[in-house]
Amino acid sequence: MVIIGEALANQGYCRISLRKNIVARIDVENWAEVLAQHFDKTLHEMYTAIHESPGLYEDLFRRDWSKDRLEVSLTTARTVPSSFQCSVGYENKLDNDFDSELVKAIK
């Protein structure tokens, strides 16, 4: 039996809304470069800022730029770690082996 929350967390998903049961992941491998361009910083300055505030920029990217969002059940949302101060960056996405009726992609 696959626990959906653990499977999602292993793929880099973090909870961005408990009220709406939404999880998201950093879906771009060069996400730090995207943020560096947005904040008009060099890549070195961006990595320095990321290491000074673990989880802050990862959370910002998940909430504002990620296109890979899922709506899950309340129970599943509670088992996925919160995006706030979650320093998980880009993770490769695997084929899902859980019931897709319980997890809906948000377009």
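The structure is a predicted model, in which local features need a pLDDT of at least 70 and side-chain atom pairs count only at pLDDT 80 or more, whereas totals for chains, interfaces and linings use all residues. Residues are numbered from 1 along each chain as its sequence is written, and side-chain values use heavy atoms, with hydrogens and water left out.

With a salt bridge taken as a side-chain nitrogen of Lys or Arg within 4 Å of a carboxyl oxygen of Asp or Glu, the count comes to two salt bridges. In one of them, Arg-63 and Asp-59 meet through their side chains at an N to O distance of 2.6 Å. Both residues belong to helix α4, where they are four residues apart, or about one turn of the helix; helices (H or I, at least four residues) and strands (E, at least two) are DSSP runs numbered from the N terminus. Arg-63 counts as partly exposed at 33% relative accessibility, while Asp-59, with a relative accessible area of 10%, is buried.

In the other salt bridge, Arg-25 pairs with Asp-68, and the closest N and O atoms are 3.1 Å apart. Arg-25 is located in the loop between β2 and α2 and Asp-68 in the loop between α4 (56–64) and β3 (69–71), so the pair ties together parts that are 43 residues apart in sequence. Both Arg-25 and Asp-68 are buried.

Helix α2 (residues 31–38) packs with helix α3 (residues 43–52) at an angle of about 105 degrees, their axes being 9 Å apart; the axes are lines fitted to C-alpha atoms over the stretch in contact, and angles run from 0 to 180 degrees between N-to-C directions. The two helices α2 and α3 are therefore roughly perpendicular (65 to 115 degrees) to each other. Contact (heavy atoms within 4.5 Å) is made by Trp-31, Ala-32, Glu-33, Leu-35 and Ala-36 of α2 and by Leu-43, Met-46, Tyr-47 and Ile-50 of α3.

Most residues other than glycine have a negative phi. Asn-21, although not a glycine, has a positive phi of about 55 degrees, and its place is in the loop between β1 (14–17) and β2 (22–24). Asp-40, in the loop between α2 and α3, likewise has a positive phi, near 55 degrees. Asn-21 is buried at 16% relative accessible area, whereas Asp-40 is exposed at 70% relative accessibility.

Key:
Parallel < 35°, antiparallel > 145°, perpendicular 65-115°, else oblique. Buried < 20%, exposed > 50% of the residue type's maximum accessible area, 1.4 Å probe, protein only.
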